[in-house]
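Hello,

My notes on what was found in it come after it.

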Amino acid sequence: MTLLEFADVHQSYGEEEVLDGISFGVDRGAVEVIIGPSGSGKSTLLRCVNRLTDIDSGDIRLDGTSIYARDENELRQQVGMVFQDFNLFAHLTALENVTLGLRRVRGFSKEEAVADAHDHLERVGLLEQAESYPAELSGGQKQRVGIARALAMDPEIMLFDEPTSALDPELVGEVVSVMRDLAEEGMTMLVVTHEMGFARSTASRLTFLDDGRLVEQGPPEQLFERPEHERTGTFLRRLTELHGGIDR
Amino acid sequence: MLLQSGAWEYIAANWVYLGWGLVFTVCLTAVSVVLGFLLGLPAGIIETYGSGYSRGLVERAGVLVRGTPIVIILVAFYFLFPLTIAAFWAAALGLGIRSAAYQSQIFRGALQSVGDGQMEAARSVGMSKLDAIRRVTVPQALRRSIPGFQNEFTIVLKDTSVAYAIGLGELLTRGTNLYLTEQGNTAVLEIFLAISAVYFVLTMTTNLSLDALGRRFAIPGGEGR
Amino acid sequence: MSAASTVRGRVVKVTGGGLFRWLAFGVFWGYLVVRWLYQWVGADLLGMDPRAPLLPVETFRTLATTWDGTRIGGLFSFLRVAGDALPAAVTGTWLTIILTVVAMAAGLVIAVPLAVTRVYGGPVTRWAALGYTELIRGTPLLAQLFVLYYGLSLSATLRELPFVGEGFIPAQAALVAMIGFIINSSAYQAEYIRSALQSVEVGQLTAGRAVGLSKLQTIRRIVLPQGLRYGIPGWSNELVYLIKYSSLAAFITVPELYKRTRDIASGNFRYFELLVVAGVIYLGLVLSASALMGRVEQRVAIPGLGE
């Protein structure tokens, strides 16, 4: 059953067409991994889903209704977002990063919020660091707080915008493992990443974007082993050489 | 140029009179800085996040105020205010509004330095723009504003002396009054040096206190995200 | 970082500029220049009163009387008072500009060695430079002017010097103000330059020494050219501040722009009109200075450096 649907999405920045007619659906519980060279529009596509970026034409539907027919803040609560640069609130502890949304958006009492936040921090393995400030955390820990913060809003779908790109190689594993756990729990995920290990092992489907167009889509094995398009093969081979195909 | 001991005795004998000047200077600074903050912070927020019209208005008003000498602003408030107001309030309004125009720039710069990512992250969990400004960007920006605010505070402190122009009995005016007496005539240099020294101590105290404030509210581990 | 790290905040940043702005600058400077020329040479040549406003003030007066009590009458009444005051105001503006420009230039000459000492000096010279800048920046400019003018009676000394007050040499009070502004501005400029110098990477100094330049040569040829560029925004700010603070010279009797308009106002009690005249001229000077310095900033920018 389709949870998220892109219908002929166009988006341009000045003269440049960033998204040039994207159409596809994401099933509930699926892990959709989007790959493509830089500037291919993958991050923009993600940002359109929670309306950080507005589209020019077409439609994006969540659970059958257009995201533009919903209240913006309510939509964003249902769509969790994890950023490449973490964007943790620098002046708040890990715990407060999670409770802020619970209190201000979901209207939890302080006690409820703290209890719930503790659960989410535990889920990403960071209960010990609850009182630490972002600057006191490693990149991997920051990103896991970022995931906990998004999960706390009880979203229907999670968006990951290159969640491991800003991390030192040895810290990638801990974040990937949290994402994998999430996938196993049945969370619907839309992931932009260069992490081929994760794509191979966890993606239900790979989507290759280039130049704002959807080039090819299919199960990971198919795209890795027998891509239909020359471009897909070249891109994946180069990426695997760069980032290693080892399953972490 | 001799620094005569008689002159220092004359200054010492008038310490109560000068002391009241100090009180005026300190109160005027405090009221003006607070007024500047109350107007300057919203102005800075509008300049950063406001829509075209409100932003344009605030920006223009800021340029106008920042482009005018403080003495003209003070005299204008004193002579042109529709109601006759005490020199103290004219000075406080003038210095406060001028300070607001500068503080808005400090806060705008600090808000911009917080980065778009923080706003996006706050909006992404479903917070309204106003909530995000209040809970996420402003608290961070305020910390970053402390060095600029420190500057602004001492500038206001020093510029209270310009209230001399409207005859407010602050420190410098009282010093001038002292030297205009018969006895004071021979103590001019000493009087102005003593008063300058008091200002110097005040600016230093302000700076040290705000340094301490900055350390008190620093985010552990620095400013990483 | 010392306790009193006072620098003056950014005033205005004038960038770009529509037709209207250039037109306004044109009218502003056009009138100033025409009036100066008229007053210095034109009136003599034409055999006219050098204090003539060069504006139809009499017409304004007539119109003001005709439309008395209405908004339009008020406007013409304003124009009449402003027009009458302009000759004196424009004369004062010349002194304001002279005070500012000389103080900035001479202040810079003092500020550069001061800043270099602060950053690269030995312990004693460094403390001396720090003491000077902190003392000056920790006390009000007006108090400094009073120390020089009333406290040290500098004007009495200056009066004895030749040429003072003759031709283009300002009178003694203005010279005292100038000295005060130079001292004051040198401290602030030194602070800007110091922080600019410190923003030049340490590696630059090392690299200079590595190619065999002496320390002084390295500072002069490598660090200063970069540091002074970083210092331009601060320097532009200081210029704007000085334009505005030069008005404080009025309190030691210097007939610059503010004093001229204030004196007229205390004669005719038209405070509003005269404050507007003074305010508009100061604003014109400030905006022109920022626009000019914005140009300079672009001109001397090194591609890819700073920002």
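**Contacts between the chains**

Between chain C and chain B there are six residue pairs in polar contact, both residues being at pLDDT 80 or more (a polar contact is a pair of N or O atoms within 3.5 Å; within protein, one must be able to donate a hydrogen and the other to accept it, and residues adjacent in sequence count only if both atoms are side-chain atoms). This is a predicted model, in which local features need pLDDT of at least 70 and side-chain atom pairs count only at pLDDT 80 or more, while totals for chains, interfaces and linings use all residues. Residues are numbered from 1 along each chain as its sequence is written, chains are lettered from A and ligands numbered from 1 in the order in which they are written, and side-chain values use heavy atoms, with hydrogens and water left out.

On the side of chain C that touches chain B, α4 (123-137), α5, α9 (215-245) and α11 (271-300) of chain C each supply at least two residues (helices, H or I of at least four residues, and strands, E of at least two, are DSSP runs numbered from the N terminus). The largest share of that side, nine residues, comes from α11(C). In total, 40 residues of chain C are in contact with 42 residues of chain B, where contact means heavy atoms within 4.5 Å. The area buried between these two chains is about 3,500 Å², with carbon and sulfur atoms giving 72% of it (buried area is the accessible area, with a 1.4 Å probe, that two parts lose on being put together, summed over both).

Two pairs of chains touch, and the most contacts are between chains B and C. No contact joins chain A and chain C; their closest C-alpha atoms lie 21 Å apart.

**Salt bridges**

Over all chains the count is 25 salt bridges (a side-chain nitrogen of Lys or Arg within 4 Å of a carboxyl oxygen of Asp or Glu). Across the interface of chain C and chain B there are zero. D131(B) does form one with R104(A), the closest N and O atoms being 3.6 Å apart. D131(B) lies in helix α7 (residues 129-159) of chain B and R104(A) in helix α3 (residues 94-104) of chain A, so this pair joins two chains. D131(B) is buried at 13% relative accessible area, whereas R104(A) is partly exposed at 34% (buried is under 20%, exposed over 50%, partly exposed in between, with a 1.4 Å probe and protein chains only).

Within chain C, R194(C) and E191(C) meet in a salt bridge of 2.5 Å, N to O. Both R194(C) and E191(C) are buried. Salt bridges that share partners join R118(C), E134(C), R137(C), E191(C) and R194(C) into one network.

**Aromatic rings**

The structure holds 26 aromatic pairs over all chains (rings of Phe, Tyr and Trp, the last by its six-membered ring, with centres within 6.5 Å; planes under 30 degrees apart are stacked, over 60 edge-to-face and the rest tilted). Y179(B) and F192(B) form an edge-to-face pair, 5.8 Å centre to centre with 65° between the planes. Y179(B) lies in helix α8 (residues 171-179) of chain B and F192(B) in helix α9 (residues 188-216) of chain B, so the pair ties together parts 13 residues apart in sequence. F192(B) is buried, with a relative accessible area of 0%.

One aromatic cluster is formed by Y164(B), Y179(B), F192(B), F146(C), Y149(C), Y150(C), F251(C) and Y258(C).

Regards
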